[in-house]
Amino acid sequence: MPHPEAQRWDARYRRESDFWLELEPRQLLTSYAHFLSAEGRALDAACGVGINACFLAQHGLRTFALDISEYALRLAKQRARNLNLALEALVTDLSNPWLPANYFDVIINFHFLERATIPVYRQALKPGGLIFFDTFRKRHDRNDNPVYYLDPGELKGWFHDFEIIHYTENEVLPSENHSERGLAQLIARKP
Ligand SMILES: C[S@@+](CC[C@H](N)C(=O)[O-])C[C@H]1O[C@@H](n2cnc3c(N)ncnc32)[C@H](O)[C@@H]1O
């Protein structure tokens, strides 16, 4: 029986592939790329069509790209092939996550929230490894669904014992596929 989120996202990527494929790597990643090592293992969790995963692979990291949408991963693999990059892409349901311990040098989680992944990311990073997190945060003036939106300050709390390299909470302006909303961004290093 297909997972309802997989069906929903497959349909969305089929409909909107041009939009997703034209996105640039997320600014949090490009602005802080100098923190990335040029070798080791990277994970892009909920990678979509692989724009950020390909950026990591281009940087020299052996990159694993996970998503529940098989269609998105097909586009991600095609993109990696076109750029002559190696990408390990796996269909995965991150609502029931498992990752090997002390394995990744960097984990990125962009525009996706599944709270069950956070303790798993923490243990899957090597000591000294980096987490880049950029996702939606509840605004006090809106009735945002707490399942998909972080509470104010919540992200920093999850990584309170890591070295915080960057942390912001902002508003993002509306775009063609979403209304104005809050965003929380964090880069932190595992002790
Ligand atoms: C808004 S997109 C973000 C894609 C990409 N990270 C980016 O920044 O553009 C959210 C992604 O989460 C994936 N997703 C949703 N539920 C998931 C789950 N349970 N497990 C894994 N991926 C999931 C969707 O397929 C989609 O690719």
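**The ligand and its surroundings**

A nitrogen atom of the ligand lies 2.9 Å from a backbone N or O atom of Phe-110, a separation that falls inside the limit for a polar contact, which is a pair of N or O atoms within 3.5 Å (within protein, one atom must be able to donate a hydrogen and the other to accept it, and residues adjacent in sequence count only if both atoms are side-chain atoms). The protein covers 92% of the 600 Å² of accessible area that the ligand has on its own, where accessible areas come from the Shrake-Rupley method with a 1.4 Å probe and, for residues, only the protein chains shown count as cover. The model is a predicted one, in which local features need pLDDT of at least 70 and side-chain atom pairs count only at pLDDT 80 or more, whereas totals for chains, interfaces and linings use all residues. Residues are numbered from 1 along each chain as its sequence is written, and side-chain values use heavy atoms, with hydrogens and water left out.

Two further backbone approaches to the ligand can be described in the same way. A polar backbone atom of Leu-94 is 2.8 Å from a nitrogen atom of the ligand, and a polar backbone atom of Ile-68 is 3.2 Å from a nitrogen atom of the ligand. In total 19 residues surround the ligand, the closest being Tyr-13, Arg-26, Ala-46, Asp-67 and Leu-94; a residue counts as near a molecule or strand if one of its heavy atoms lies within 4 Å of it. Helix α1 (residues 4-21) contributes the largest share of this shell, with 4 residues; helices (H or I, at least four residues) and strands (E, at least two) are DSSP runs, numbered from the N terminus.

The ligand sits in the largest pocket. On a 1 Å grid over the protein atoms alone, a pocket is an open set of points with protein on both sides within 12 Å along at least five of seven lines, while a cavity is a set of points where a 1.4 Å probe fits but cannot get out, and lining residues have an atom within 4 Å of a point. A molecule sits in either one if more than half of its atoms lie within 2 Å of its grid points.

Side chains of opposite charge can pair when their charged atoms come close. A search of the whole structure finds 13 salt bridges, each being a side-chain nitrogen of Lys or Arg within 4 Å of a carboxyl oxygen of Asp or Glu. One of them joins Arg-137 to Glu-169, with the closest N and O atoms 3.4 Å apart. This pair links distant parts of the chain, since Arg-137 is in strand β5 (residues 125-137) and Glu-169 is in strand β6 (residues 163-172), 32 residues apart. Arg-137 is buried, with a relative accessible area of 7%, whereas Glu-169 is partly exposed at 28%; buried means under 20% relative accessible area, exposed over 50%, and partly exposed in between (1.4 Å probe, protein chains only).

Arg-137 also forms a salt bridge with Glu-171, whose closest N and O atoms are 3.0 Å apart, and this pair again links strand β5 with strand β6, across 34 residues. Glu-171 is partly exposed, at 43% relative accessibility. Arg-139 forms a salt bridge with Glu-171 as well, at 3.2 Å between the closest N and O atoms, and here the link runs from the loop between β5 and α6 (154-158) to strand β6, 32 residues apart. Through shared partners, Arg-137, Arg-139, Glu-169 and Glu-171 are joined by salt bridges into one network. Arg-139 is buried, with a relative accessible area of 13%.

**Other residues in strands and loops**

Gln-185 is in strand β7 (residues 181-189) and is buried, with a relative accessible area of 8%. Its side chain makes a polar contact of 3.1 Å with the side chain of Asp-134.

Asn-102, in the loop between β3 (88-91) and β4 (104-110), has a phi near 50°, a positive value in a residue other than glycine. His-111, in the loop between β4 and α5 (117-124), has a positive phi of about 50° although it is not a glycine. Asn-102 is partly exposed, with a relative accessible area of 44%, and His-111 is partly exposed at 29%.
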